[in-house]
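Please read each point with the sequence and the 3D view side by side.

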Amino acid sequence: MHFPFLGKRREPDRVHDPAGIAELLADCELLRSQASQEGIELDDSETSLARLDQMLPRWRADAETVPWLGNDAGLYLGTVIVRTVPGAAWVVRADGRPVVRLGSGREFDVVASGCAWAADGAPELSQLYAEVSER
């Protein structure tokens, strides 16, 4: 029986495929397109983050592009962290938001950071990477 006044039953935890999630989140099509137009290759390295920081922010002229590019920038930052920082992994929160969990257990909301970068240019993606990788 279903009693609506008792609320929803807790749904079982979903099992996620970490490799599949990582591939999906690494797509970042809009960011890759913008970078390619500027002659920047996104090779999932720390160096590519520094190159992105040097791009002229032409996208800021289009208010609709900023959040999309920011989302992609955050996902790309997360991709670089997951692929280069030992113990880092993607985690999908209960609200569906992807975050990077470091080996220490600390979670990093890369999408929020990417959106701030796209809108304001600060903090720089390479700076965020250095903070997270504890270098």
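1. In which helix does Ser133 lie? Ser133 lies in helix H6, which covers residues 125-133, where a helix is a DSSP run of H or I with at least four residues and a strand a run of E with at least two, both numbered from the N terminus. Ser133 is buried, with a relative accessible area of 14%; buried means under 20%, exposed over 50% and partly exposed in between, using a 1.4 Å probe and protein chains only. A polar atom of the Ser133 side chain lies 3.4 Å from the backbone oxygen of Ala130.

2. A word on the basis of these values: this is a predicted model, in which local features need pLDDT of at least 70 and side-chain atom pairs count only at pLDDT 80 or more, while totals for chains, interfaces and linings use all residues. Residues are numbered from 1 along each chain as its sequence is written, and side-chain values use heavy atoms, with hydrogens and water left out.

3. The chain has six helices and three strands, and from the N terminus on its elements follow the order α-α-α-α-β-β-β-α-α. Of its 135 residues, 39% count as buried.

4. Ser48 belongs to helix H3, residues 46-53, and is buried, with a relative accessible area of 0%. Its side chain reaches the backbone oxygen of Ser45 at 2.6 Å. If neighbours within four places in sequence are left aside, Ser48 is in contact (heavy atoms within 4.5 Å) with Glu41, Leu42, Asp43 and Tyr76.

5. Two packed helices are described by the angle between their axes and the distance between the axes. Helix H4 (residues 65-84) and helix H5 (residues 110-120) pack at an angle of about 130°, with their axes 7 Å apart; the axes are lines fitted to C-alpha atoms, for helices over the stretch in contact, and angles run from 0 to 180 degrees between N-to-C directions. That angle makes H4 oblique to H5, since angles under 35 degrees count as roughly parallel, over 145 as roughly antiparallel, 65 to 115 as roughly perpendicular and the rest as oblique.

6. Which residues of H4 and H5 meet? Those in H4 include Val66, Pro67, Leu69 and Ile81, and those in H5 include Val110, Cys115 and Trp117. By class, this contact of H4 with H5 has 13 nonpolar, six polar and no charged residues; Ala, Val, Leu, Ile, Met, Phe, Trp, Tyr, Cys and Pro count as nonpolar, Asp, Glu, Lys and Arg as charged, and the others, Gly among them, as polar.

Methods. Polar contact = N/O pair within 3.5 Å; in protein donor to acceptor, adjacent residues only side chain to side chain.
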